[in-house]
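Take a walk through this model, one feature at a time. Start with its ring pairs, then step back to the whole chain, and end inside a helix.

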Amino acid sequence: MATPHIAAEPGDFAPAVLMPGDPRRAQRIAETLMNDARLVTDVRGMLGFTGTANGRPLSVMGSGMGQPSFTIYATELFSQFGVERIIRVGTAGGLSPRVKIGDVIVATGAHTDSAMNQLRIPGVNFSAVADFQLARAAYEASLTEQTEGDGKVHLGTVFSRDHFYFTPEGQNEALAGYGVLGVEMEAAALYGVAAEYGKQALAVLTVSDHLLDHSGDMSAAERETRFADSLRLAVAAAHS
């Protein structure tokens, strides 16, 4: 039955769901991957579609921006609609000098400044980590299939930040010094919700800008189109 944020019925979602932040990107992914995509929810303009990709069921739905928004949708998908795995496919700002614009990050873990996961188990610093099977599938796909661009694929940690426009002085440099590959705003919450419900989750991210070297940042239009490599790896994880 429908929830407060998803106007769908049991069976409307596939076991695997790709989740970009932007609902327009969700629609574009559905149109790119599926010849049979059907709209299954549009509450608050957060579009969700279900169809088949490579002959296998797949759904795609927007998540909105930030950890609270992602937590709402992931919780409802896992708990009410039979979804078994969610793969966030989005963008990140690069931190590591090894990461370049257009590269893809498979986020094996996510640090965060949010209190959302701290509240899960009192007295415990919760470790927000990806599902190993999904991460392995994405990585193996990067080795066996030719990428469409010149970008490299990196496995490692990201930082899920609550603030978009506020960064404590020196924080980015310190994160880079600890090997953090990039910054985004959702993965830690997704990994926490997946752990809560015993489900699988992964974030596959295209590096759209670099927070310590701003040369070559993607335009808004490029952010919407240069996601072919991350999308391919996300689908491989979804169908693993």
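A search of the whole structure finds two aromatic pairs. Rings of Phe, Tyr and Trp (its six-membered ring) pair if their centres lie within 6.5 Å; planes under 30 degrees apart count as stacked, over 60 as edge-to-face and the rest as tilted.

A word on the source. This is a predicted model: local features need pLDDT of at least 70, side-chain atom pairs count only at pLDDT 80 or more, and totals for chains, interfaces and linings use all residues. Residues are numbered from 1 along each chain as its sequence is written, and side-chain values use heavy atoms, with hydrogens and water left out.

Now the whole chain. It holds seven helices and nine strands. Helices (H or I, at least four residues) and strands (E, at least two) are DSSP runs, numbered from the N terminus. The radius of gyration is 17 Å, close to the 18 Å that the globule rule gives for 240 residues, so the chain is as compact as a globular protein of that length. That radius is taken over C-alpha atoms, and the rule is 2.2 Å times the number of residues to the power 0.38. Of the 240 residues, 54% count as buried. Contact means heavy atoms within 4.5 Å. Among contacts with a separation of 6 or more, 76% join residues 24 or more positions apart.

Gly-216 sits in the loop between β9 and α6 (220-225). Gly-216 is exposed, at 56% relative accessible area. Gly-216 and Ile-101 are 115 residues apart in sequence, yet 6.9 Å apart in space, C-alpha to C-alpha.

Finally, look at helix α5 (residues 187-197). Why is α5 described as largely enclosed by the rest of the structure? Eight of its eleven residues are buried, so the rest of the structure largely encloses α5. The buried residues include Ala-187, Leu-190, Tyr-191 and Val-193. Just after α5, Gly-198 takes a positive phi of about 65°.

Technical notes: Buried < 20%, exposed > 50% of the residue type's maximum accessible area, 1.4 Å probe, protein only.
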